[in-house]
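Colleague: I am new to this one. Could you walk me through it, one question at a time?

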There are 2 protein chains.
Amino acid sequence: MRQFIVIGHDAPTTPDFSLDDIAGGAGRLDVLCRCVNSAFFLSHDIREDVRVHLILGDEYTVRFEGSELRRLNPDERSTAALIRKALEKREEAIGHMPAESSPGVSIRRMGFETTLEEAARDATVVELHEDGDPVVQVEPPENPLFVLSDHHDFTDEEAELLAAAADERVRLGPEILHADHSITVAHNYLDTAGYSRY
Amino acid sequence: MRQFIVIGHDAPTTPDFSLDDIAGGAGRLDVLCRCVNSAFFLSHDIREDVRVHLILGDEYTVRFEGSELRRLNPDERSTAALIRKALEKREEAIGHMPAESSPGVSIRRMGFETTLEEAARDATVVELHEDGDPVVQVEPPENPLFVLSDHHDFTDEEAELLAAAADERVRLGPEILHADHSITVAHNYLDTAGYSRY
């Protein structure tokens with residue numbers, strides 16, 4: 001399984017936001033929506049063996065489970081609507097128990113630290129870092145977990161947690177990419193594992 | 001320079017559409033907006049040496065010029081607003097002369113055939129095709145032009161024009177990707193030219 005954690009630093013923790021303003025009033029929720037798109041969509045298909053964890057304001061985690069997903073569309077607005085629907089269920093997420101809001105989408109009362117700890121259990125944690133090894137020179141792990149940040153850098157605390165959990169440290173190329181583009185490149189790197197290069 | 005032509009088969013050819021419904025009433029304009037995002041954005045930067053041509057209903061071409069772009073934001077809605085603004089200028093695009101609607105964005109009265117012909121002049125035309133050579137085994141050209149389609153396949157006529165113009169035929173990986181994800185992977189392939197593979 002391929003997993004992606006995306007930290008939304010300014011993301012809403014209540015459903016009181018307008019779908020007309022997801023890049024503004026809703027704390028750059030557009031970034032997280034594009035990450036969900038990149039993680040799951042193939043042409044006319046969904047990647048079933050993928051799980052995405054969106055960290056909202058270090059308070060809630062909305063999980064998208066590829067094998068169970070229905071009603072996911074590629075555009076930002078409809079994905080934002082799924083996240084808003086999950087936030088409407090936040091009172092039903094008690095302790096670490098999830099509340100499902102639509103098929104394959106659930107919300108948990110968990111911040112980054114707990115989500116990382118749980119997700120890392122059966123995974124190889126891959127840290128994306130500008131000082132990392134070029135990804136094409138690293139043999140892809142079977143169950144990778146990539147941790148990404150929205151339009152902000154990781155906080156010092158997040159960076160420390162990630163560095164402590166990381167099994168590998170790689171960079172995807174010479175350029176620093178948006179989180180959703182990083183997910184697309186990571187998928188391609190895993191998809192083309194074993195291809196020889198010219 | 002890196003160029004991308006994206007054909008929007010159902011895309012609007014007038015500005016009479018709502019920004020609240022770009023994935024529905026506006027003929028899947030969301031797909032084209034994500035392609036613009038993938039083509040230009042780096043983390044806190046824009047790829048200046050990129051040109052994107054969006055073909056709208058084989059009637060108009062909206063061009064985004066990386067070196068001149070201002071006011072481009074990553075979310076779909078604001079990019080759709082730039083395309084709508086270009087369509088408002090469509091009456092000023094006479095013959096093949098462009099009309100500029102905002103810095104770096106202009107509209108031309110041209111369909112796919114003419115746009116391809118002009119863009120291909122100083123470029124290596126790369127056809128993405130499932131029977132192509134794995135892209136990692138092909139040395140990246142200096143001035144590539146990638147031609148992509150929205151959520152529809154190329155029509156027979158488009159496929160013939162492209163095949164006739166193509167200098168190279170490659171595939172990006174074993175999976176068939178959305179157009180915007182293909183652009184991201186193509187950039188990474190060009191960015192990492194010369195990297196050796198493990």
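Modeller: Gladly. One caution to begin with: this is a predicted model.

Colleague: In what order do the strands of the open sheet of chain A run?

Modeller: The sheet has eight strands, and their pairing is mixed. From one strand to the next, the twist averages 30°. The order in chain A is E6-E7-E5-E4-E1-E9-E8-E10.

Colleague: Which are the edge strands of chain A?

Modeller: Look for strands that pair on one side only. One covers 99–102 and the other covers 168–171. They are strand E6 and strand E10 of chain A.

Colleague: Do strands E8 and E9 of chain A run parallel or antiparallel?

Modeller: Strands of a sheet can pair in either sense, through backbone hydrogen bonds. Strand E8 of chain A spans residues 124–134, and strand E9 of chain A spans residues 144–149. Four bridges join them. One of the partners of E9(A) is Val147(A), which bridges to Glu127(A). The two strands run parallel.

Colleague: At about what angle does helix H3 of chain A run to E1(A)?

Modeller: Helix H3 covers residues 112–120 of chain A. This helix lies across E1, E4, E5, E8 and E9 of chain A. Its angle to E1(A) is about 175°.

Colleague: And helix H4 of chain A, at about what angle to E8(A)?

Modeller: Helix H4 of chain A takes in residues 156–165. It lies across E1, E8 and E9 of chain A. To E8(A) it runs at about 110°.

Colleague: Now chain B. Which residue stands opposite Leu128(B) in E10(B)?

Modeller: E8(B) and strand E10 of chain B, residues 168–171, pair in the parallel sense over five bridges. In E10(B), the residue opposite Leu128(B) is Val170(B).

Colleague: How many bridges pair strands E8 and E9 of chain B?

Modeller: These strands of chain B cover residues 124–134 and residues 144–149, and they pair in the parallel sense. Pro144(B) in E9(B) is the bridge partner of Thr124(B). The number of bridges is four.

Colleague: At about what angle does helix H1 of chain B run to E4(B)?

Modeller: Helix H1 of chain B, residues 29–40, lies across strands E1, E4 and E5 of chain B. Its angle to E4(B) is about 170°.

Colleague: How much area do chain A and chain B bury between them?

Modeller: The contact takes 44 residues from chain A and 44 residues from chain B. Of the buried area, 55% is on carbon and sulfur atoms. The area is about 4,000 Å².

Colleague: Which residue of chain A meets Asp20(B) in a salt bridge?

Modeller: The rule finds two salt bridges across this interface. In the one with Asp20(B), N to O is 3.9 Å, and the cut-off is 4 Å. The partner in chain A is Arg77(A).

Colleague: Which element gives the most to the side of chain A that touches chain B?

Modeller: Helix H1, strand E2, helix H2 and helix H5 of chain A each give two or more residues. The one that gives the most contributes seven residues. That element is H5(A).

Conventions
Residues numbered from 1 in each chain as written. Chains lettered and ligands numbered in written order. Predicted model: local features only at pLDDT ≥ 70, side-chain atom pairs only at ≥ 80, totals over all residues. Heavy atoms only, no water. Pairing = 2+ DSSP bridges. Axes fitted to C-alpha atoms, helices over the stretch in contact; angles between N-to-C directions. Contact = heavy atoms within 4.5 Å. Buried area = accessible area lost by both parts, 1.4 Å probe. Salt bridge = Lys/Arg side-chain N within 4 Å of Asp/Glu carboxyl O.
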